[in-house]
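Follow the strands and helices of this protein one group at a time. Keep the structure in view while reading.

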Amino acid sequence: MNTSSNRLELSGMKVSVVGLARTGQAVVEFLLQQGARVIGTDSRPFEDMPSSVRGLAEKGAVLELGGHKLETFTRADLIVVSPGVPPTLEPLLQARRRDVPVTGELELASRFLDIPLVAVTGSNGKTTTTSLLGEIFRAAGKKVFVGGNIGAPLIGFVSSGEQADLAVVEVSSFQLETAETFRPEVGLLLNVTPDHLDRHADFDEYIRLKARVFKRQGPGQTAVVNADDPVVDGLTVKAKRLPFSRKTRPRDGACVEGGRLAL
C-alpha cells in the first residue's frame, strides 16, 4: 500500500507510452484520465492494430504507429514501457542518456494503489498460485482484484475506481525491470530457473530482477520464499521471511506433512 506522497502528478505531463497491446492501452486510458498529454507509439502499422487502439485517438491520445520517432522518446517528460518492449530499444537508450524517466505499468499502478498488494513471481507456477490465492481470499469473504501478468492489468483496476480489499497480481521479470518504488505488502517468489535469457543478459540478471519483488520491502511487509529452491532460499530480504517447503519443516513457515499442508 502506498501513501499519496508516492503518487506522480501527471496532469499536463507529456507522456509517451511504448507498446499498445492490452497493457499499453490500459496505461493510455489511465494517463488520459489523469490529464496527461499522451503519445502512444507502436512498431505495428495502423492496419494491424485492433479497433480498441484506434479508439484511443478519439479519447485524446496521439497515435504514432508503424515505427518510433526519436523525439517521441527524448522530448517526453515520462516514458511508460509495456512489458514486451525490450530495454535495449535504441530510442529508449537515448532517452535514458538524456535523463528522461522511464517506468512501467506495474510501477505506475502501484504508486496509485491504496489497498494491500500481494505480488506473485517465479519461473513456474505463477498463474496457478495467483489464481489459487484469489479463490482463497474470496472464500474468506474478501473482495479481491486478481490480475497483472495473468490477465487484466493492475492499472486498469486503479483507473476503474472499483473497490476491493486487496489485489493479487502475477508479476513477470519484464515488469520488474522498471520497478523502483514497488513495494508489495506480500511478495512471493516461487522458484527461479533459467528463463527469458534472450531478453536478460544472463541468469544472474534474471535472478536479480526476480528478487526485486522484495527489494523495497521492510520489516512491515512479508516475503514468502521457497526453501527448497537454493537460489530463492539464499536471497537476503528485509521483510518478515516466511518459507515454505515440501521436504523439510521450516520454522515459522509452511510444509507438507502426511499429505497435508501444515503451518
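In this predicted model, strand 11 and strand 12 run parallel and are joined by two bridges. Within that pair, S245 has C255 of strand 12 as its bridge partner.

Both strands belong to an open sheet of eight strands, whose order is 7-8-6-9-10-11-12-13. The pairing in this sheet is mixed. Why is one side of strand 7 and of strand 13 left without a neighbour in the sheet? Strand 7 (144-148) and strand 13 stand at the edges and have a single partner strand each, so one side of each has no neighbour there.

Helix 6 touches strand 6 (117-121), strand 7, strand 8 (166-170) and strand 9. The direction of helix 6 makes about 165 degrees with that of strand 8. Helix 9, made of residues 203-215, lies across strand 6, strand 9 and strand 10. Helix 9 runs at about 155 degrees to strand 9.

The largest pocket involves several of these elements. About 940 Å³ of space lies in this pocket. Its lining consists of 28 residues, and L188, V224, F244, A254 and L261 are the ones nearest its centre. Which elements supply at least two residues each to this lining? They are helix 6 (126-139), strand 9 (186-189), strand 10 (222-226), strand 11 (240-245), strand 12 (254-257) and strand 13 (260-262). Helix 6 gives the most, with five residues. Sorted by class, the lining of the largest pocket has 16 nonpolar, seven polar and five charged residues.

An open sheet of five strands has the order 3-2-1-4-5, and its pairing is parallel. Strand 3 (62-65) and strand 5 (102-104) are the edge strands, each pairing on one side only. Strand 1 (residues 14-18) pairs with strand 4 (residues 78-81) in the parallel sense over four bridges. Here S16 has I79 in strand 4 as its bridge partner. Helix 5 (residues 105-112) packs on this sheet and touches strand 4 and strand 5. The direction of helix 5 makes about 80 degrees with that of strand 5.

Helix 5 also meets another helix. Two packed helices are described by the angle between their axes and the distance between the axes. The axes of helix 1 (residues 22-33) and helix 5 cross at roughly 40 degrees and come within 11 Å. This crossing of helix 1 and helix 5 is left-handed. In the contact, T23, V27, F30 and L31 of helix 1 meet E105, L108 and F112 of helix 5. By class, the contact has five nonpolar, one polar and one charged residues.

How many cavities of 30 Å³ or more does a search of the whole structure find? The search finds three. The largest cavity has a volume of about 60 Å³. Twelve residues line the largest cavity, and V81, G104, F174, Q175 and T178 are the closest to its centre. Helix 5 and helix 8 (173-176) each supply at least two residues of this lining. The classes in the lining of the largest cavity are five nonpolar, four polar and three charged residues.

Notes. Residues are numbered from 1 along each chain as its sequence is written. This is a predicted model: local features need pLDDT of at least 70, side-chain atom pairs count only at pLDDT 80 or more; totals for chains, interfaces and linings use all residues. Side-chain values use heavy atoms; hydrogens and water are left out. Two strands pair if DSSP finds at least two bridges between them. Contact means heavy atoms within 4.5 Å. Axes are lines fitted to C-alpha atoms, for helices over the stretch in contact, and angles run from 0 to 180 degrees between N-to-C directions. On a 1 Å grid over the protein atoms alone, a cavity is a set of points where a 1.4 Å probe fits but cannot get out, and a pocket is an open set with protein on both sides within 12 Å along at least five of seven lines; lining residues have an atom within 4 Å of a point. Grid points are joined across faces, edges and corners, and a volume is the space filled by probe spheres set on the points. Ala, Val, Leu, Ile, Met, Phe, Trp, Tyr, Cys and Pro count as nonpolar, Asp, Glu, Lys and Arg as charged, and the others, Gly among them, as polar. A crossing is left-handed if the near helix is turned anticlockwise from the far one by less than a right angle, and right-handed if clockwise.
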